[in-house]
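Open the model in your viewer and keep the selection tool ready. We will go from one stop to the next.

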Amino acid sequence: MPLDSFSIIESTLREGEQFSTAVFSTEDKIKIATLLDEFGVEMLEMTTPCASPRSAADIRAILSLGLRAKVLTHIRCNKDDAARALELGVHGLDIVIGTSPQLIKHSHGKSISQIIDLAYEVICYIREQAPNVILRFSTEDTFRSRESDLLRVYLAVADMGMVNRLGVEDTVGVATPNQVYAMVHQLVRLTGLDVEFHGHNDSGCAIANACAALEAGATHIDTTILGIGERNGITPLGGLIARLYTLDRRYVEKYNLKLLPQLDYLISDLCQISIPFNNYITGVSAFTHKAGIHAKAVLANPETYEILDPADFGLSREIAIGHHLTGWNTIRERALSLGLDLPVETLRYVTQQVKALADIHPLSLEQIDELLMEQVR
Ligand code: HCA
Ligand code: CU
């Protein structure tokens, strides 16, 4: 069952490098790769060595760390790129070629038959050079490609019997979960090969699509930290973790979840971007409860309004107090934390004071503490 045994292909060092403000030095890449490895992702995908001299040197640098995660690089479907990548001793190659009418026309100009012939030539070459390298073949822009074209390409490549994995790419973020499910399910059924899903977030479905892919039998999901990538990026690592944790916590217990905040903070810092307020797990208010009714229930049992336990990620919940929606249970909790066991009428009185004052301006914790202390002076 893939949800029990899926792998993350962490592409912050490839797709993530394509994010508008990402400029990673070699040291940055080492930091990112080391932390991701500690977190426990199974594979790290790195920019093609053909991109620049340092891209090649950085692949060597990451390989030399001897991490547990396998190091993959991403290449176009041609022999020269494959040769450059193999020279470095990477563990895996991710080949990609566009199959949508848009990419066929404006990117490489090859027909579907030519794509299949080229794939055969490149895959045979790689297998002669490196019989054991992990090999993936993907059709870029899968979801705007004609289904008959896709099936011709995927089945031809699968029949070659030389690749380990097929990739399904929502390159422009257009796919819906149902479409992803149908495509992945079809490939699993027809080929029996491992299937990877890579999904962009242009229309907000990247996490749902990754989850649908897994439900349909995909074995590998591409992520980046905070979801950085081309345009507004792909499935975020933290978002995927949140999604799977809420299905069943056991799906993600193989990862060192407490490192997730550190990963998000690292990329936020390196890319000079703030973490969105509504981010999964690490957003500033992800574990803040405000309205009196919520706060009361959470104080009684956090499961009432929390599907994720912040402690699993090394974080803590917060109960907002100094606002007009506050309730006396919250005020009582604060009083108790100050060692004050006040009668209910007093607590209700202080609550009314807080509400009236907060109608004018939110109160700080110190101001609330002062109101509580006044009751015992
Ligand atoms: C790209 C496009 C790509 C490839 C994904 C993959 C996409 O930048 O080369 O090969 O896994 O979104 O299709 O990122
Ligand atoms: Cu992409």
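Start with the whole chain, a predicted model. The centres of domain 1 and domain 2, taken over C-alpha atoms, are 46 Å apart. Select 7-271 for domain 1 and 288-376 for domain 2, and colour them separately.

Zoom in on one pair. Select residues 134-140 for strand E5 and 165-170 for strand E6; the two run parallel and are joined by 4 bridges. Pick Thr-139: Val-168 in E6 stands opposite.

Now select 237-247, helix H10.

Move on to the interface. Here 10 residues of domain 1 contact 8 residues of domain 2. The two domains bury about 720 Å² between them, with 67% of it on carbon and sulfur atoms. On the domain 1 side, select Tyr-245, Thr-246 and Lys-258: they lose the most area to domain 2, together 54% of what that side buries.

Which side chains meet in a salt bridge? Show Asp-312 and Arg-249, 2.9 Å from N to O. Polar contacts link 3 residue pairs between the domains.

Finish with the helices on the domain 1 side. H10 and helix H11 (260-270) each supply at least two residues of the side touching domain 2. H10 gives the most, with 4 residues.

Notes
Residues are numbered from 1 along each chain as its sequence is written. Chains are lettered from A and ligands numbered from 1 in the order in which they are written. This is a predicted model: local features need pLDDT of at least 70, side-chain atom pairs count only at pLDDT 80 or more; totals for chains, interfaces and linings use all residues. Side-chain values use heavy atoms; hydrogens and water are left out. Two strands pair if DSSP finds at least two bridges between them. Domain bounds come from an automatic or database domain assignment. Contact means heavy atoms within 4.5 Å. Buried area is the accessible area (1.4 Å probe) that two parts lose on being put together, summed over both. A salt bridge is a side-chain nitrogen of Lys or Arg within 4 Å of a carboxyl oxygen of Asp or Glu. A polar contact is a pair of N or O atoms within 3.5 Å; within protein, one must be able to donate a hydrogen and the other to accept it, and residues adjacent in sequence count only if both atoms are side-chain atoms.
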